[in-house]
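Please read this short briefing alongside the sequence and the 3D view.

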Amino acid sequence: MAMIITPPLDSANVTRKGHISFYLICSAVVASFCGLLFGFEIAVISGTTEWLKTHFVLSDFMLGFTVASGLIGAIIGSMAVAKPTDIFGRRGVLFGLAILFLIASIGCALAWNLDSFMLFRFLGGLAVGGSSVVAPVYIAELSPAAYRGRMVTITQLNIVVGILLAYLSNFLIGRLDLGDNEARWMFGVMAVPAVIFFLMLFFTPQSPRWLIAKGRIAEAKKVFERCGTDTGDVDEEIAEIQRSFDLEHHEVEEPFFRRKYFKPIALAMTIAAFNQLSGINAVLYYAGAIFKMAGADKASALLQSVIVGLTLLVFTLAALATIDHFGRRKLMLVGSIGYILSLGAVSYAFYTGNGGGWLLLASLLVFVASHAFGQGGVIWVFIGEIFPNRVRARGQGLGSFTHWVMSAAISWTFPIIAASSASSAFAFYALCMMGQLLWVLFVMPETKGVPLEQIQKQLGIE
């Protein structure tokens, strides 16, 4: 049976005693803006795959590898960012990620050959991988438990906004008849939000938990006074966090892969793997190509991609509104069932040759809605919650690493498999989601409303 993590007896009073801080909301929104860049970076390529294939004369194998080059960067970025995050702080690393997004955008727009294009996609991937670690950790460490799910889900909301903006930008640029420069403009547009993100970061604080780890207690106290606490008592909150670090008995740099961390490590790697085994990034990266495989022309394929992005946005908003009410497991249950039904329908549509009709579009919309309401809304919240303070950045990094390894594998292989049988590809994803449903039912714990320091205790970590 799934483990149920129960809130402490007085946690129900958190919402009644406290109120959500405007400063907390603003800080979370700014930090989550890197999610917008994350989403734009991963989705913008969907409108350029045909250009890549013809401009650089790519086979299906090389097209998959070119798309995956950004994901290879994300794999490395998700693991490499953990140590700088602990050294320079969450906010300091976010500045660096903003600069990487800017360089990647301009570089892809001006790329002079395939090697240069893949280099800048790799740099963008580093930023994406780093963002998937730093933003959720930063927001989780700022937020009281009663609001943590909604605050961290703002990152996912901005990822989806970024995806929608990428699809919409591709559609609008595609109507300008820019010829061979069309795809370059699609990549270059991201430079604008990258600069905005960099400037907004000057108005955010450091993570109070990181400040406590560095012994900067007075600064941490000021942040908690502005963002709020679980108990309503700043000094009590700081004392509890100091006990969780237990610095007399634990080194902040203690080994991560230890038996006592087995449960959160296993949970993080499993939810991250299932996230990509749904095939979501295959759909996001190749949305235009999938609709074209089904018989749509270029303009129609780009427009249908915008509809996919809008659906993602609507159901991410639904997850944001309900995640702290219904909890993580219920959203995952609903999403898992939706995955299975919709992926089965997509597979059937391609198998019967009805992919060009309403069935494919409707099924893909149910699929992305299921993702947004379930996995998409839960994954970064859940991974950011289950690790202790002293290893949270490394735990988030491991979860993100697993996520991006699986994403690279799915995105690289999809064009090859789909070229022979799109139906088989989606049937495989549906089978994997049956496995996710069983995992949610029998393994996944509920972490709704539980202070971070209590979660580690109830996972048996001292």
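Is R150 buried, partly exposed or exposed? R150 is partly exposed, with a relative accessible area of 30%; buried means under 20%, exposed over 50%, and partly exposed in between (1.4 Å probe, protein chains only). This is a predicted model, in which local features need pLDDT of at least 70, side-chain atom pairs count only at pLDDT 80 or more, and totals for chains, interfaces and linings use all residues. Residues are numbered from 1 along each chain as its sequence is written, and side-chain values use heavy atoms, with hydrogens and water left out.

**Salt bridges**

- The whole structure holds ten salt bridges, each a side-chain nitrogen of Lys or Arg within 4 Å of a carboxyl oxygen of Asp or Glu.
- R150 pairs with D324, with the closest N and O atoms 3.1 Å apart.
- D324 is buried, at 16% relative accessible area.
- E141 and R90 form a salt bridge at 2.9 Å, N to O.
- E141 belongs to helix α7 and R90 to helix α6, 51 residues apart.
- E141 is buried at 1% relative accessibility, and R90 is buried at 2%.
- A network of salt bridges links D86, R90, E141 and R392.

**Surface patch**

- V195, L199, F202 and F203 make a nonpolar surface patch of about 440 Å²; patch residues have over 30% relative accessible area and no salt bridge, with like charges joined within 9 Å and nonpolar side chains (Val, Leu, Ile, Met, Phe, Trp, Tyr) within 5 Å.
- Accessible areas come from the Shrake-Rupley method with a 1.4 Å probe, and for residues only the protein chains shown count as cover.
- F202 sits in the loop between α10 (191-200) and α11 (208-213).
- F202 counts as partly exposed, at 48% relative accessibility.

How values were computed. Helix = DSSP H or I, 4+ residues; strand = E, 2+ residues; numbered from the N terminus.
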